[in-house]
Amino acid sequence: DGAPCSREDRREEFLRALEVGDESDCRRLLWREYAYTRSVAALADNFIAPTFQRMGTRWECGETSVYQERRGCEICARVFREIRQHIPTPPAGGPLAIGGTPSGDYYQIATHLVDLVFREQGWRSMNLGCNLPLSTMAEAADAHQPRFVWLSVSHLVDRSQFVRECIELQRALPETTSMVMGGRAVDDSLQKQLCESFPSKNRPQFFYNLVQLARASRPQIAKSG
């Protein structure tokens, strides 16, 4: 079926499906929107992120419960895995990006979407998952030699500890590996302390910026190879 004219209507329909836990309807709506936008970045920036932000606001106002949001995340994660299978497999020698969320951060939506955006841009992509000690990300980078390591940071348990561990991760990365970071827990101060990252002031275009980074980096990789 075609998408309704109003993006707001489409998001409202998706929000209702998430809140009641209707998995088949969530799947239908996500696939419809993906077919309509033809872009994971547009799906993420304009449909998924605003809907979950609205859900969070409704929770703060007592209009929805934590379990409903968590259940919605699980439903979306299953649909993201289906979308991943739909995206053509990148070439074996293509550039690689790996990443996940740091210790204490269990929010899986964003890191799944980063994985999908890289893959849609023709990158080999490896989502390591959630709640990862940054030391194990360094081990993964050493083993796989990616072009990028991403950190999706939606929640920080201990900001000072995260900064220390993130600096250690940067030092441990291979010379050809860069770190990129984004998420609602990332502010300007954190960015300046740590690494090249996506601008927090432009959060609505987070995944669009990621697309630009992935595209811009491919020619550099080809020349250096």
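# Rings, helices and neighbours

Q: How many aromatic pairs does the count come to?
A: The count comes to 6 aromatic pairs. Here the rings of Phe, Tyr and Trp (its six-membered ring) pair if their centres lie within 6.5 Å, and planes under 30 degrees apart are called stacked, over 60 edge-to-face and the rest tilted.

Q: Okay, and what sort of model are we looking at?
A: A predicted one, where local features need pLDDT of at least 70, side-chain atom pairs count only at pLDDT 80 or more, and totals for chains, interfaces and linings use all residues. Residues are numbered from 1 along each chain as its sequence is written, and side-chain values use heavy atoms, leaving out hydrogens and water.

Q: Back to the rings, then. What kind of aromatic pair do Phe14 and Phe47 form?
A: Phe14 and Phe47 are stacked, at 4.9 Å centre to centre with 20° between the planes. Phe14 sits in helix H1 (residues 7–20) and Phe47 in helix H3, so this pair ties together parts that are 33 residues apart in sequence. By the way, helices (H or I, at least four residues) and strands (E, at least two) are DSSP runs, numbered from the N terminus.

Q: Are Phe14 and Phe47 buried or exposed?
A: Both Phe14 and Phe47 are buried. That means under 20% relative accessible area; exposed is over 50%, and partly exposed is in between (1.4 Å probe, protein chains only).

Q: And what about Phe118 and Trp150, how is that aromatic pair arranged?
A: Phe118 and Trp150 are stacked too, with 5.8 Å centre to centre and 20° between the planes. Phe118 belongs to helix H5 and Trp150 to strand E3, so the pair ties together parts that are 32 residues apart in sequence.

Q: Why does Phe118 count as buried?
A: Because its relative accessibility is 0%. Trp150 is buried as well, with a relative accessible area of 2%.

Q: Let's change topic. Where is Glu19 found?
A: You'll find Glu19 in helix H1. Glu19 is buried, since its relative accessible area is 11%.

Q: What is Glu19 in contact with?
A: Apart from neighbours within four places in sequence, Glu19 touches Met55, Arg58, Thr64, Gln68 and Arg71. Contact means heavy atoms within 4.5 Å.

Q: Another Glu: which helix is Glu69 found in?
A: Glu69 is part of helix H4. Its relative accessibility is 14%, so Glu69 counts as buried. If we again set aside neighbours within four places in sequence, Glu69 is in contact with Phe52, Met55 and Tyr107.

Q: Now H6. Which residues in that helix are buried?
A: Helix H6 spans residues 134–144, and Leu134, Met137, Ala138, Ala140 and Ala141 are buried there. They cover an arc of only 160° around the axis, which puts them on the same side of H6. That arc is taken from the directions from the helix axis to the C-beta atoms.

Q: What's on the other side of H6?
A: There, Ser135, Glu139, Asp142 and Ala143 are exposed.

Q: Which residue takes a positive phi just after H6?
A: That's Gln145, with a positive phi of about 55°.
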